[in-house]
Amino acid sequence: MRIVFMGTPEFAVPSLEGLVGAGHQLAGVFSQPDRPVGRHQNRLQPTPVKACAQARNIPVFQPEKLRDGAALAWLKERYGLVYNEEKY
């Protein structure tokens, strides 16, 4: 099955790994944008889900907001998904 996974925190990583381990094809992963870390907040740290996806060569998409339409446009452009634009 072709799946798009949405998640960010550490506790979402086992679910992502389970899908990969079960043989599903991950078309992409949506995760929150990287956040600054460190004393001077000058270094970006990837989310745990992003790090897991990148280790498995799964495409990662990190929109600022899911409701701004960019995420749905990305899905529609790549996979031809049809959705009700008025609803979102």
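These are my notebook entries on a predicted model of one protein.

**Entry 1: the overall layout**

I started with the fold elements and counted three helices and five strands. Reading along the sequence, I wrote down the order β-α-β-β-β-α-β-α. I then looked up the extent of the C-alpha trace, which spans about 45 × 35 × 20 Å along its principal axes.

**Entry 2: surface, burial and charge**

The protein has 88 residues, and 31% of them count as buried. For the accessible surface I noted about 6200 Å², with 51% of that belonging to carbon and sulfur atoms. On charge, I found 11 positive and 8 negative side chains, with the centres of the two sets 4 Å apart. I also checked how far the contacts reach: among those with a separation of 6 or more, 53% join residues 24 or more positions apart.

**Entry 3: the cores**

Next I went looking for nonpolar cores. The largest has 11 residues, including I3, F5, L16, V29 and I58. Strand 1 (2–6), helix 1 (13–21), strand 2 (25–30) and helix 2 each give two or more residues to this core. Which element gives the most? Helix 2 does, with three residues.

A12 is another member of the largest core, and I listed its contacts beyond four places in sequence: F5, G7 and V49. I also found a second, separate core of five residues, with F30, F61, A71 and L75 among them.

**Entry 4: K50**

I turned to K50, which sits in helix 2 (residues 48–55). Is this lysine buried or exposed? K50 counts as buried because its relative accessible area is 11%, under the 20% cut-off. So what does the K50 side chain meet there? Its side chain makes a polar contact with the side chain of D34, at 2.8 Å. Leaving out residues up to four places away in sequence, I noted that K50 touches S31, D34, V60 and Q62.

**Entry 5: L66**

My last stop was L66, in the loop between strand 5 (60–61) and helix 3 (70–79). L66 counts as partly exposed because its relative accessibility is 46%, which falls between the cut-offs of 20% and 50%. Beyond its neighbours within four places in sequence, L66 is in contact with M6, F30 and A71.

Methods
Residues numbered from 1 in each chain as written. Predicted model: local features only at pLDDT ≥ 70, side-chain atom pairs only at ≥ 80, totals over all residues. Heavy atoms only, no water. Helix = DSSP H or I, 4+ residues; strand = E, 2+ residues; numbered from the N terminus. Buried < 20%, exposed > 50% of the residue type's maximum accessible area, 1.4 Å probe, protein only. Contact = heavy atoms within 4.5 Å. Areas by Shrake-Rupley, 256 points an atom, 1.4 Å probe, with all protein chains shown as cover. Lys, Arg positive; Asp, Glu negative; His and termini not counted. Charge placed at Lys NZ, Arg CZ, Asp CG, Glu CD. Polar contact = N/O pair within 3.5 Å; in protein donor to acceptor, adjacent residues only side chain to side chain. Core = buried A, V, L, I, M, F, W, Y, C linked by side-chain atoms within 4.5 Å.
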